[in-house]
Amino acid sequence: MNGLRSWIARRLVLGALQTAAVVLLVFALTEALPGDAAVAFAGDQPDPERIAAVREAMGLDRPAHERLAEWVRGLLHGDFGTSLTSGRPVSGFLADGFGPTLLLAGLTVLLLVPLGVGLGVLAARHEGRFTDRLISSATLGVYAVPEFALGVLLVSVFALRLGWLPPTAVGYGDGLLAHPAALVLPVLVLLARPVCSLARLVRAGMIEALAAPYTAQARRYGLSGTRVRYGHALPNALAPATQQLARTIDWLLCGVIVVEALYVIPGLGTVLMNAVADRDIPVVQGLAVVFGLATVVLNLGADLVTHRLAPRSEVAA
Amino acid sequence: MRRLRRYGPGAAVAALPLGLALAGPYLAGEAPARAASFTLGEGYRLGTDFVGRDVVHQVLLGGRPVVLVALAATLLAYLVALPVGLAGALTHRRWLEELLMRPLDVLLAVPSLLMMLLVAAVFPPGAAGLVLLVAFVSVPDAARIVRAAAAEVASRPAVEALRMQGESWWRLAVGHVGRSIARTLAADAGIRLTGVLYLVATAAFLGIGVAPDASDWAVMVDRNRTGLLIQPWAVVVPALLIIALTMGSNLLVDAAMENRTPPRKGRRP
């Protein structure tokens, strides 16, 4: 018990360190701007008055550590600063983009687990036979394909050629849920890579677990095949997969940015891309902190779940 | 024959995009005269793109940057990851190991594309910058793999014996440990290359490190999307080539890795 507690404590400390590192990194990067944020923002038409105004607004005339302290204090109170382009608070941008992104990511994760685990178990049950070979090569092939290429192809086939689904979510705005047809292609594209990696890991873990002595022993006791498979083998097979699930969060965040750009969904990814294009540094900073925090917290959660599923195995930290 | 069966599918899928990427620029020749944007036919086999350039010509030119940037970035990532990982595994000073490896653990927490976007927002990179950027986000994971593989070898009695004989650190690290982990690293480099291909293409699609009118398959997909309804070839052909490239290279890497693990005999109970 003591070991578990100290492990959790160490893992939490690593999470806190990662959070601090993300915040510092985001601040340091913008600090490294040639000139400063105001000059960068002014871009091709450097208007001295405007540069001075932006400098004033961002407090760039004060030393860096003071600004860092103030920025972090603001973050703790949920104040992310104000946008350079529109003067709106950054938290407003976050609130606007949050809904569509959460909907996309939530739907994807909801479908990801049953699909990935289901395919993995199915392949493992038929190890070496046709079903397994089919699932294994399909998942291996799709695993490395970039979302944008797959997405564009699906659009040209299902939206333009066959006309079954709308090509983009333009015009649906916040009412995405009311137009489920517009969500089919984005979620499908987002699912493609994570499902493949999850299915491959579950398959490998399941094959190993089904061959382990404890499953043989369970069978000798006369337990039913279903119970052995899902009650005993699957939890052990899931431990490495949960770790991968955390890794997929990285992919999901990348994927969300690409998919939102591709299907014109007004989520956080679109806000981020627009801010990067406009060099609206406070908005980029705020979004980077939110994305980074989400990754750290979800990784932490995945590690805790992995530890619960297979306490024997060593997990990071 | 068994070789053909193992590598056949991957090679068949990857052959066309790889061939185009390597030989395309030599076959392309002079650029044909520009025409109206998004036309079909009219002397151009695959029509024209968003600024009226010949799509065939662009396809021939567009594979090279994707493949070259990915190769250079993978190489660069290992140039940094190898010494860091080896030093982390072979040192007996705990603080040095922590100093080398802990920052990488922390960096691993930042999603790679987010990191690239963040840097790109501050310093808009060129092609060389994109290589640096992709290599930078690939280093933490690569260094961890190097360290894990090297630590396993370094704990063997042979290494301890060499150390007691007073062999130099250099001969120990490169001559023995480096040679022993070469196979693991080759496998990992293959996996990393497919990951890097993904990152490079996605970054180019999002406009990081490329000119807006660059001859690059990913940029073609992005820029010609507006004409998808009237001129699908300018988008579908490069998209298919990217899919074939990533899919084929992943199949090839997987086939090559099968070598390393001994085949299991028969079905287990």
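Which hand does the crossing of H2(B) and H3(B) have? The first legend below picks this up, and keep in mind throughout that this is a predicted model.

**View 1. Helices H2(B) and H3(B) where they cross.** The crossing of this pair is left-handed. At the contact you'll find Val84(B), Ala87(B) and Gly88(B) from H2(B), facing Glu97(B), Leu100(B) and Met101(B) from H3(B). Sorted by class, that makes four nonpolar residues, one polar and one charged. H2(B) covers residues 55–90, and its axis comes within 8 Å of the axis of H3(B), with a crossing angle of roughly 140°. Angles over 145 degrees would count as roughly antiparallel, and H2(B) and H3(B) are therefore oblique to each other.

**View 2. Helices H7(A) and H8(A) packed together.** Over in chain A, we look at H7(A), residues 147–161, and H8(A), residues 180–210. Their axes sit 10 Å apart, and the packing angle is about 145°. This crossing is right-handed. H7(A) brings Glu147(A), Leu150(A), Gly151(A), Leu154(A), Val155(A) and Phe158(A) to the contact, while H8(A) brings Leu185(A), Leu188(A), Val189(A) and Ala192(A). Eight of these contact residues are nonpolar, one is polar and one is charged.

**View 3. The two domains of chain A where they touch.** Chain A is assigned a domain 1, residues 2–76, and a domain 2, residues 90–309. Here 14 residues of domain 1 of chain A are in contact with eleven residues of domain 2 of chain A. What classes do the residues on the domain 1 side fall into? Eight are nonpolar, five are polar and one is charged.

**View 4. Chain B where it meets chain A.** This contact draws 39 residues from chain B and 45 residues from chain A. On the chain B side, four helices each supply at least two residues: H3 (94–107), H4 (112–122), H8 (182–205) and H10 (233–258). Which helix gives the most to the side of chain B that touches chain A? That's H10(B), with eleven residues. By class, the chain B side has 29 nonpolar residues, five polar and five charged.

How values were computed: Residues numbered from 1 in each chain as written. Chains lettered and ligands numbered in written order. Predicted model: local features only at pLDDT ≥ 70, side-chain atom pairs only at ≥ 80, totals over all residues. Contact = placed C-beta atoms within 7 Å. Nonpolar A, V, L, I, M, F, W, Y, C, P; charged D, E, K, R; others polar. Domains from an automatic or database assignment. Axes fitted to C-alpha atoms, helices over the stretch in contact; angles between N-to-C directions. Parallel < 35°, antiparallel > 145°, perpendicular 65-115°, else oblique. Left-handed = near helix turned anticlockwise from the far one by under 90°.
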